[in-house]
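This briefing concerns charged side chains and how they pair. Please consult the sequence and the structure shown below while reading.

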Amino acid sequence: MNTLEAIHYRRSIRAFTPDPISDDDLITLIQAGAAAPSAGNAQRWVFIAVRNPKRLLAVQSLAPGIISKPAAVIVLCADFRQDDGSRETIREAIGYDLGAALQNILLAATELGLGGCPVGSFNAQGLAHLLNLPAGIEPKLLIAIGKPKFIPQKPPKKPLEDIFFEETYQVGS
């Protein structure tokens, strides 16, 4: 599958088979996330993969957005340990960086025959405690990962003429 095929084929997967994720596939996903661009190449991220069934249940108890049983959850964290006092200034950039890492992981999962779904609904303090995160490492996003039970239909997208303009925004064109 080439990149454009993966972009158009990828779906948010919320129902998974009970099959585990191999070590090689997990490393491939993390490498894909770490290959994402970041502001100033600062790479202010930490990735934590959870696959242990008991720990997965604990993560799910803190994340109502995980609605099925994934084989793994990848926790994307912002790394503020090198904070120079500009935490608020870099917070927005880290959001973009984690978004790029998220998309890389989801596209890599698609390539590997896996599926994933970003989850933003979770108890950050509880998750930080469960994962033993040090001060300065904050969980920002979860990705539920596993082998899809099924691939959902492509959701409707707005037509390009409603969202794409050349040179200037044009009302009613």
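At 28% relative accessibility, does Arg91 count as buried, partly exposed or exposed? Arg91 counts as partly exposed. The model is predicted, and a search of the whole structure finds four salt bridges. The points below describe some of these pairs, including the network that contains Arg91.

- Glu138 pairs with Arg91 in a salt bridge whose closest N and O atoms are 3.4 Å apart.
- This pair links distant parts of the chain, since Glu138 belongs to strand 4 (residues 137-146) and Arg91 to helix 4 (residues 87-111), 47 residues apart.
- A salt bridge also joins the side chains of Glu138 and Lys140, with an N to O distance of 3.0 Å.
- Lys140 has a relative accessible area of 33% and is partly exposed.

**The pair of Arg81 and Asp79**

- The side chains of Arg81 and Asp79 form a salt bridge, at 2.8 Å from N to O.
- Asp79 is buried, its relative accessible area being 13%.
- Arg81, by contrast, is partly exposed, at 48% relative accessibility.
- Asp79 counts as buried because its value of 13% lies under the 20% cut-off.

Key:
Residues are numbered from 1 along each chain as its sequence is written. This is a predicted model: local features need pLDDT of at least 70, side-chain atom pairs count only at pLDDT 80 or more; totals for chains, interfaces and linings use all residues. Side-chain values use heavy atoms; hydrogens and water are left out. Buried means under 20% relative accessible area, exposed over 50%, partly exposed in between (1.4 Å probe, protein chains only). Helices (H or I, at least four residues) and strands (E, at least two) are DSSP runs, numbered from the N terminus.
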